[in-house]
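Please examine the sequence and the three-dimensional model shown below.

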Amino acid sequence: MFKATDYEEILKFKNPIFIDLRSEGEFEDGTILGAISMPILSNEERKIVGTLYASGDVKGAKEKGVEFFAPKLTDYYKRISQMEEDHEVVLFCSRGGFRSTALFNLLKTLGHNVYKLNYGYKSYRKYVLNFMETFKDYKYVVLKGYTGCGKTEILKELRKRGENVLDLEGLARHRGSLFGGVGMGFQPSQKTFESELMESFKSFKPGPVFVEGESPRIGSINLPSELIKAMAKTDKVFLIEDTIERRTERIKSDYLNDYGLEKKEEIISALENLKRYISVKRYENYLKLVDEENFDLIIKDLMIKYYDANYSINKDKIFYKILNEDIKKSCDTILNTLK
């Protein structure tokens, strides 16, 4: 009845707000960044309607869907009407089908200036995936180095100076090691990570992108293959080095800030995951040291005997080495070397 709007056209709107009409589970798996969840059907309701539809009872599925949504209609109508005062309201479901179309047509019939995303979340995901193909077109400056050498701090300082910084670990909410999730909370879904990654690239000005060298996987997040390939091709790889003592202090600052029972449990859980890679004796000794809060000894032992031993650096590809005695001086060196 009324025409849907393509995502590229919506990007031209002055102040759009997206309303995700899919179930809570679909929303959690990934949505348009900033979207508000207003499910037409809950997880359980969607399951019931889907079962009816799959059995061939299309009429029954529609009737049940209307039955489930009817009690929510008044509240949704009021909320959307209020949002219209300051935003272009964009409704979407999975593929632009029944859930978004039914509410969209009703609101348009009642004279509301709302929009429906053409082909729903599926079209947005297509846009994200197409955008990720452009990662190969950027020039990358990659920072490599052993755990605790200060790569993250250097990236933060470079960002303060206005450089393009891609904080993969920040976006993934994980530091990329077996202990990488300690104190970081839950990781985003893969789809949410990719959306946030796209928005990071959209914010960049012309010039190189500074990024920490990562493995293809950060915790539960897989880095896009185009990004991995592009980073691997760069000839601008800086090796960041530092002393064991300063590395230890950085790791303590990153991992043990606000140390308490919750963090202790996270550390013990990480050690449990590490157990298959080390001897039983070392594992039991680490647990003892955790109880004693002797973290300096744990960190130094893990760095020397595990992390440094397993972190591979192709020294033939190193463009420049920096001893990171001072973060600001290290940034000066990087930027001056690139001139």
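Y119 sits in the loop between β4 (115–116) and α6 (120–132). Helices (H or I, at least four residues) and strands (E, at least two) are DSSP runs, numbered from the N terminus. The phi angle of Y119 is near 65 degrees, a positive value in a residue other than glycine. Most residues other than glycine have a negative phi.

D258 also has a positive phi, of about 55 degrees, although D258 is not a glycine. The loop between α11 and α12 (261–274) contains D258. Is D258 buried or exposed? D258 counts as exposed because its relative accessibility is 69%.

## Basis of the model

This is a predicted model, in which local features need pLDDT of at least 70 and side-chain atom pairs count only at pLDDT 80 or more, while totals for chains, interfaces and linings use all residues. Residues are numbered from 1 along each chain as its sequence is written, and side-chain values use heavy atoms, with hydrogens and water left out.

## The chain as a whole

The chain has 15 helices and 11 strands. Along the principal axes, its C-alpha atoms fill a box of roughly 70 × 50 × 35 Å. Of the 339 residues in the chain, 45% are buried. The accessible surface comes to about 18,200 Å², and 51% of this surface belongs to carbon and sulfur atoms; such areas come from the Shrake-Rupley method with a 1.4 Å probe, and for residues only the protein chains shown count as cover.

A contact means heavy atoms within 4.5 Å. Among contacts between residues at least 6 apart in sequence, 72% join residues at least 24 apart. The chain carries 55 positive and 53 negative charges, whose mean positions are 4 Å apart. In this count Lys and Arg are positive and Asp and Glu negative, while His and the chain ends are not counted; each charge is placed at NZ of Lys, CZ of Arg, CG of Asp or CD of Glu.

## The largest pocket

Rolling a probe the size of a water molecule over the atoms shows where empty space is left. On a 1 Å grid over the protein atoms alone, a cavity is a set of points where a 1.4 Å probe fits but cannot get out, and a pocket is an open set with protein on both sides within 12 Å along at least five of seven lines; lining residues have an atom within 4 Å of a point. Grid points are joined across faces, edges and corners, and a volume is the space filled by probe spheres set on the points.

The largest pocket holds about 1,200 Å³ of space. Its lining consists of 43 residues, and those closest to its centre are E169, R175, E212, G213 and E214. Elements that each supply at least two lining residues include β5 (140–144), α7 (151–160), α8 (168–172) and α10 (225–233). The largest share, four residues, comes from α7.

## The cavity

How many cavities of 30 Å³ or more does the structure hold? There is one, and the space in the largest cavity is about 220 Å³. Of the 13 residues that line the largest cavity, F179, I251, Y255, I299 and L302 are the closest to its centre. Two or more lining residues come from each of α11 and α14, and α14 gives the most, with six residues.

L143 belongs to strand β5 and counts as buried because its relative accessibility is 0%. Leaving aside neighbours within four places in sequence, the contacts of L143 include K151, I154, L155, V211 and E212. Between L143 and Y76, which are 67 residues apart in sequence, the C-alpha to C-alpha distance is 49 Å.

N105, in helix α5 (residues 98–109), is buried at 16% relative accessibility. Apart from residues up to four places away in sequence, N105 touches M1 and F2. S189 lies in the loop between α8 and α9 (190–202) and is likewise buried, at 16% relative accessibility. With residues up to four places away again not counted, S189 touches E28, D29, G30 and I221.

Key. Buried < 20%, exposed > 50% of the residue type's maximum accessible area, 1.4 Å probe, protein only.
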